[in-house]
Amino acid sequence: MERSLFIRTVMLTLLFTVSFFSRGETTLRLAYAENSQPVKDALHFFGQQVEEKTGGEIKVAYFPDGQLGGERELVELIQANAVDITKVSSGLMESFSPLYGIFSLPYLFSNADEYYKVMDNPKIMDPVYQSTAAQGFIGIGWYDSGARNFYMSKSPIKSIEDLRGKKSASCRATRLFRHLNSWEHLPLQ
């Protein structure tokens, strides 16, 4: 399938969120659940940039690989001011603000250029980032970790019909799962 169903639809945007409450500390606590090397590299680069741009006045302490919990727990730690910065997926963020659910819709972007143009546009993204301010945190940026795909062990996927009746490991609470399950000819289990 030349244009994968999910290549433009569910770009797993991972957001940095920052605590809304400043304690005046010079060390920011950055915790994350995912342990892939590109994510680690990106977060360490972020920390280096913070230290460089502040002349070393602000440092970043890292809590990687789920040391402090999964994504939901990390957002809750932000709300409790126990963590200053985290990186989480838009799928999780949808449970805090429905605006984030837009990124789970299929065929949202026509191509990668359109995706980056939207994601880099403050007029579009600032309302999304600010949509959780009343809950004690806001988004400050996004991280693209690629497209979502279906993987099958017993047979290839050549058409949408090949997914009929298959079990999905997708989080059932996400807009994506609800959207896929709404296709009359494609009930997922």
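The model is predicted: local features need pLDDT of at least 70, side-chain atom pairs count only at pLDDT 80 or more, and totals for chains, interfaces and linings use all residues. Residues are numbered from 1 along each chain as its sequence is written, and side-chain values use heavy atoms, without hydrogens and water.

**Exercise 1.** Find the buried residues of helix H5 (residues 122-130), and state which arc they cover.

Solution. 
- Apply the cut-off: buried means under 20% relative accessible area (1.4 Å probe, protein chains only).
- Met125, Val128 and Tyr129 are the buried residues of H5.
- They cover an arc of only 95° around the axis (directions from the axis to the C-beta atoms), which puts them on the same side of H5.
- An α-helix has 3.6 residues a turn, so residues three or four places apart point the same way.

**Exercise 2.** Classify the aromatic pair of Phe96 and Phe137, and locate both residues.

Solution. 
- Rings of Phe, Tyr and Trp (its six-membered ring) pair if their centres lie within 6.5 Å; planes under 30 degrees apart are stacked, over 60 edge-to-face, the rest tilted.
- The whole structure holds five aromatic pairs.
- Phe96 and Phe137 are 5.4 Å centre to centre, with 85° between the planes: edge-to-face.
- Phe96 lies in the loop between helix H3 (90-93) and helix H4 (112-119), Phe137 in strand E5 (residues 137-144), 41 residues apart.
- Phe96 is buried at 10% relative accessibility, and Phe137 at 0%.

**Exercise 3.** Classify the pair of Phe109 and Tyr115.

Solution. 
- Their ring centres are 5.2 Å apart and the planes stand at 80°, so the pair is edge-to-face.
- Both residues, Phe109 and Tyr115, are buried.
- Phe109, Tyr115, Tyr116 and Trp142 form one aromatic cluster.

Technical notes. Buried < 20%, exposed > 50% of the residue type's maximum accessible area, 1.4 Å probe, protein only. Helix = DSSP H or I, 4+ residues; strand = E, 2+ residues; numbered from the N terminus.
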